[in-house]
Amino acid sequence: MANKAPPPVIVLVRPQLGENIGKAARAMLNFGLTELRLVAPRDGWPNPDAGPAASGADVVLARATLFDTLADAVTDCTTIYATTVRKRGVSKPVLTPEAAAQEVHADAGRSAYVFGPERSGLETDDVALAHKIVTVPINPEFGSLNLAQAVILMAYEWSKGVALASPPDAPLDPPAPHAELEALIQHFVRDLDTAGYFFPEDRTEATLRTLRTMLTKAGWSHNDIRMMHGIVTALGRTPRSR
């Protein structure tokens, strides 16, 4: 997906705890979002509790801007998305986070994701100001996302449309031929038999079957098998004096 639009801004309306602001900043930066706008935070701004909770996302906190009202915070935005898990007395299009992210990438203007206070969420007047509602599909028996979790869901869906770093793709060694695995199984059987492991005798067949099932699950490579041969051999030796 081509990223035609600027990244969305994250707007926290009347956030209650500095710690939650910091956690939201951490969630944002993990997925490439850096513009945080705060509307009338309960404990003022800056807040000393935000920094430790941000876990290094200091650039987001340093650039955070403060506003008195939600309307002031989104004056430059062309599309405003109100995030809420509850139905409100406002008729608006309702989207999933994924659908909202697709719209944001297709829109050449600036978009805003708006989040309400931790305890109560967005008020009806806040939702009325938005163009659309974003609702996370959630367990109807337990709708309890916290602020940072809601932010990270939205940021993650948006990040799918941009080129962020991915874990390196390290190729796995190819699995070894079955003959090598069979030789390892027989090595186990010989040494276990010598050690008197197969007891009682009438359980030997079932034990061997369990051992074979366990070893054939692993998808051993040639190097894995060679290492296991060495381990089994070492376990059967008399310990060296130290």
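User: What makes β6 a strand that is largely enclosed by the rest of the structure?

Analyst: In this predicted model, 5 of the 5 residues of β6 are buried, so the strand is largely enclosed by the rest of the structure. Both of its faces are covered: Ser111, Tyr113 and Phe115 are buried on one side, and Ala112 and Val114 on the other. In a regular strand the side chains alternate between the two faces of the sheet.

User: Why is Val114 called buried?

Analyst: Buried means under 20% relative accessible area. Val114 has a relative accessible area of 1%, so it is buried. This residue belongs to strand β6. Leaving aside neighbours within four places in sequence, Val114 is in contact with Val11, Val13, Leu70, Ile80, Tyr81, Ala82, Thr83 and Leu122. Its C-alpha atom lies 8.8 Å from that of Asp126, a residue 12 places away in sequence.

User: How do you know that β1 and β6 are paired, and in which sense do they run?

Analyst: Two strands pair if at least two bridges are found between them. Strand β1 (residues 9–13) and strand β6 (residues 111–115) are joined by 4 bridges, so they pair, and they run parallel.

User: What makes β4 a partner of β6?

Analyst: The two strands pair in the parallel sense over 4 bridges, where at least two are required. One of the residue pairs is Ile80 with Ala112 of β6.

User: Why are β3 and β5 said to stand at the edges of the sheet?

Analyst: The open sheet has 7 strands in the order β3-β2-β1-β6-β4-β7-β5, with parallel pairing. β3 (65–67) and β5 (94–95) each have a single partner strand, so one side of each is left without a neighbour in the sheet.

User: What lies across β6, and at what angle does it run?

Analyst: Helix α7 (residues 147–159) lies across β1, β4 (79–83), β6 and β7 (132–134), and runs at about 160° to β6.

User: Which residues have the most contacts inside the largest nonpolar core?

Analyst: That core has 32 residues, and those with the most contacts inside it are Ile10, Leu12, Leu36, Tyr113, Phe115 and Val151. Two or more residues each come from β1, α1 (18–30), β2 (36–39), α2 (50–54), α3 (58–63), α5 (97–106), β6 and α7. The largest share, 6 residues, is that of α7. Beyond four places in sequence, Leu36 touches Ile10, Leu12, Ile21, Met28, Val60, Leu61, Arg63, Ala64 and Thr65. A second, separate core of 16 residues includes Val114, Leu122, Val127 and Ala130.

User: Why are the buried residues of α9 said to line one face?

Analyst: The buried residues are Thr204, Ala206, Leu211 and Leu215. Seen down the axis of α9, they fall within an arc of 165°, so they line one face of the helix. Glu205 and Thr210, on the other side, are exposed. The cover over the buried residues includes α8 (178–194).

User: Which residues of α1 are buried, and what covers them?

Analyst: Gly18, Asn20, Ile21, Gly22, Ala24, Ala25, Ala27 and Met28 are the buried residues of α1. Their cover includes β1, β2, α2, α3 and α7.

User: Why do Ala40 and Ser55 count as partly exposed?

Analyst: Partly exposed lies between the limits of under 20% for buried and over 50% for exposed. Ala40, at 37% relative accessibility, therefore counts as partly exposed. Ser55, at 47%, therefore also counts as partly exposed. Ala40 is in the loop between β2 and α2, and Ser55 is in the loop between α2 and α3.

Note on methods. Residues are numbered from 1 along each chain as its sequence is written. This is a predicted model: local features need pLDDT of at least 70, side-chain atom pairs count only at pLDDT 80 or more; totals for chains, interfaces and linings use all residues. Side-chain values use heavy atoms; hydrogens and water are left out. Contact means heavy atoms within 4.5 Å. Axes are lines fitted to C-alpha atoms, for helices over the stretch in contact, and angles run from 0 to 180 degrees between N-to-C directions. Buried means under 20% relative accessible area, exposed over 50%, partly exposed in between (1.4 Å probe, protein chains only). The arc is that of the directions from the helix axis to the C-beta atoms. A nonpolar core is a set of buried Ala, Val, Leu, Ile, Met, Phe, Trp, Tyr and Cys residues joined through side-chain atoms within 4.5 Å.
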